[in-house]
Amino acid sequence: MSKLIAVQGCTIEYDLPDDALGSVSLAATVPPAAGKVRAKGKTAYKKEIVIVVASGTVSLSSTPSGATSSTGTVPPGSIKIEASSSKATTGGDSFVLKDDEGESTFVCIFPGPEGSTVPADVKIRAKVTDAGQDVTKVT
């Protein structure tokens, strides 16, 4: 089944891999696409998208062990979305497509008793939910 190629300006949403675990909000930067292929005048993403996370907030459905709140902060880091096109390539690199996703584990900081902090590993997922164009599809 063919899918739309993700281009600069695509929409990326962030969540926890299991939505029942809670929610996340990130201040993140999606880099510009650096390819020669264009769709509707926008440059297509090839090989990967590496999203730079500056900060964020995570709210878990249960409080981590030792923490006093289920809401914590997300430290700086990155999330990589790997390209998944199998037949269509450019310069040997696959294209990133709509619905491609990637995950990274962040050591989030939660408040603890008496002003202390409690670190907890939280997996955060990034997913291309809108390709940014509606014309070029590949497999």
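Student: What share of the residues in the chain is buried?
Tutor: In this predicted model, buried residues make up 37% of the 139 residues.

Student: And the accessible surface, what does that come to?
Tutor: About 7,300 Å² for the chain, with 49% of that belonging to carbon and sulfur atoms.

Student: How many helices and strands are there?
Tutor: The chain has zero helices and 13 strands. From the N terminus on, the elements therefore read β-β-β-β-β-β-β-β-β-β-β-β-β under the DSSP run assignment.

Student: What does the C-alpha trace span along its principal axes?
Tutor: About 55 × 25 × 20 Å.

Student: What percentage of contacts with a separation of 6 or more comes from residues 24 or more positions apart?
Tutor: Those pairs account for 68% of such contacts in the chain.

Student: Take β2. Which residues are on the covered face and which on the uncovered one?
Tutor: β2 covers residues 11-15. Ile12 and Tyr14 form the covered face, while Thr11, Glu13 and Asp15 form the uncovered one.

Student: How many bridges join β2 to β12, and do they run parallel or antiparallel?
Tutor: Five bridges, and the two strands run antiparallel. β12 spans residues 117-130.

Student: Moving on to Ile5. Where does it lie?
Tutor: Ile5 is in the loop between β1, residues 3-4, and β2.

Student: Why does Ile5 count as buried?
Tutor: Because its relative accessibility is 3%, and the cut-off for buried is under 20%.

Student: What does Ile5 touch?
Tutor: Setting aside residues up to four places away in sequence, Ile5 touches Ala44, Phe95, Val96, Leu97, Ala131, Gln133, Thr136 and Val138.

Student: What lies 2.9 Å from a polar atom of its side chain?
Tutor: The backbone oxygen of Ile5. The backbone nitrogen of Val135 also lies 2.7 Å from a polar atom of the Gln133 side chain.

Student: Which residues is Gln133 in contact with, leaving aside its neighbours within four places?
Tutor: Leu4, Ile5, Val7, Ala39 and Lys40.

Key:
Residues numbered from 1 in each chain as written. Predicted model: local features only at pLDDT ≥ 70, side-chain atom pairs only at ≥ 80, totals over all residues. Heavy atoms only, no water. Buried < 20%, exposed > 50% of the residue type's maximum accessible area, 1.4 Å probe, protein only. Helix = DSSP H or I, 4+ residues; strand = E, 2+ residues; numbered from the N terminus. Pairing = 2+ DSSP bridges. Contact = heavy atoms within 4.5 Å. Areas by Shrake-Rupley, 256 points an atom, 1.4 Å probe, with all protein chains shown as cover. Polar contact = N/O pair within 3.5 Å; in protein donor to acceptor, adjacent residues only side chain to side chain.
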